[in-house]
Amino acid sequence: MSIAHGIKRLGVLGAGQMGTGIAFVSALHAKVPVLLYDKSAHQISKGISLIDKLLAKDVSKGRLQPSDAAEARARIQTVDALEAMRDVDMVVEAVTENLDLKRAIFREFAAKIRPDAILATNTSSISITKIAGAVIPEGASAAGEVGKAASGRVVGLHFFNPVPVMKLVELISAVQTSQDTLDRSRAFAEACGKEVATSQDVPGFVSNALLMPFINEAIMCLEKGIATRDDIDKTFRLGMAHPMGPLQLADFIGLDTCLSIQQTLYKGTSDSKYRPSVLLERMVDAQYLGKKSGRGFYEYNN
């Protein structure tokens, strides 16, 4: 029986929390062989250790048979060069939120990965259209057949953190994205066990265009002394039935990530309502990045 998404082998670039999570659900639920690449050998080691822990936890809780866990683990292979992903059917980029970095990576994808592979970005805020422009061959017209074929395979496939737990994937089309790329990407996300929501290619898409200003306003509320950290978070936990307050959520997302997305919103819209909180900027300057660094609005014993 044919697979609707046609993805027989997946590449994932970036072995951080997002990349390893994407590799995990792809191998376990979509049952697709995965090639995982990161320039940092240390990050690869951490990522594989996390995957092993997740599989062991699912087995210990009876959610997964040991044989199924072993099969999923066997589908994940690490590689030490992007060239090793030459023959994948789709590659997902999962690196930090930086447009120049992502465009450089996608230029490498265009040069080193087969020309019919889907090129997906896990960005949570950056323009897919700008990223897609990077894959057009030098000298080719964006409106010509070569340019359209190249950029038409770029798509936004925004998984949510933590990937093994969160049920949503946000699907974002660039101006250039082909319908076939969109259809296959949706089918692949669904094969990974996810529900799919679509968004236009606007700064922050749907999710972060709503979430980040909410978090930013909570930080400004703390900055202005309107309420304490604990009372801000308590208000949303107990008054609105949120599982955690906005300041704790910011810590879990990463304050550097929050700032980067807020800056993208501000720059992309020129709307003052998206101006990042001064306190958020100072926290990032101090390297108080949240849970991952051991300190943000709360302290953590990592």
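1. Helices H10 (residues 246-253) and H11 (residues 255-269) pack with axes 6 Å apart, at an angle of about 100°. H10 is therefore roughly perpendicular to H11 (that label covers 65 to 115 degrees). Axes here are lines fitted to C-alpha atoms over the stretch in contact, with angles from 0 to 180 degrees between N-to-C directions; helices are DSSP runs of H or I, at least four residues, numbered from the N terminus.

2. On the H10 side, Ala250, Asp251 and Ile253 meet Leu255, Thr257 and Cys258 of H11 (contact is heavy atoms within 4.5 Å).

3. A caveat on the source: this is a predicted model, where local features need pLDDT of at least 70, side-chain atom pairs count only at pLDDT 80 or more, and totals for chains, interfaces and linings use all residues. Numbering runs from 1 along each chain as its sequence is written, and side-chain values use heavy atoms, leaving out hydrogens and water.

4. H8 (residues 207-223) and H12 (residues 278-285) cross at roughly 90°, their axes coming within 8 Å. That puts H8 roughly perpendicular to H12. Asn216, Ile219, Leu222 and Glu223 of H8 make the contact with Val278, Leu279 and Leu280 of H12.

Technical notes:
Helices (H or I, at least four residues) and strands (E, at least two) are DSSP runs, numbered from the N terminus. Angles under 35 degrees count as roughly parallel, over 145 as roughly antiparallel, 65 to 115 as roughly perpendicular and the rest as oblique.
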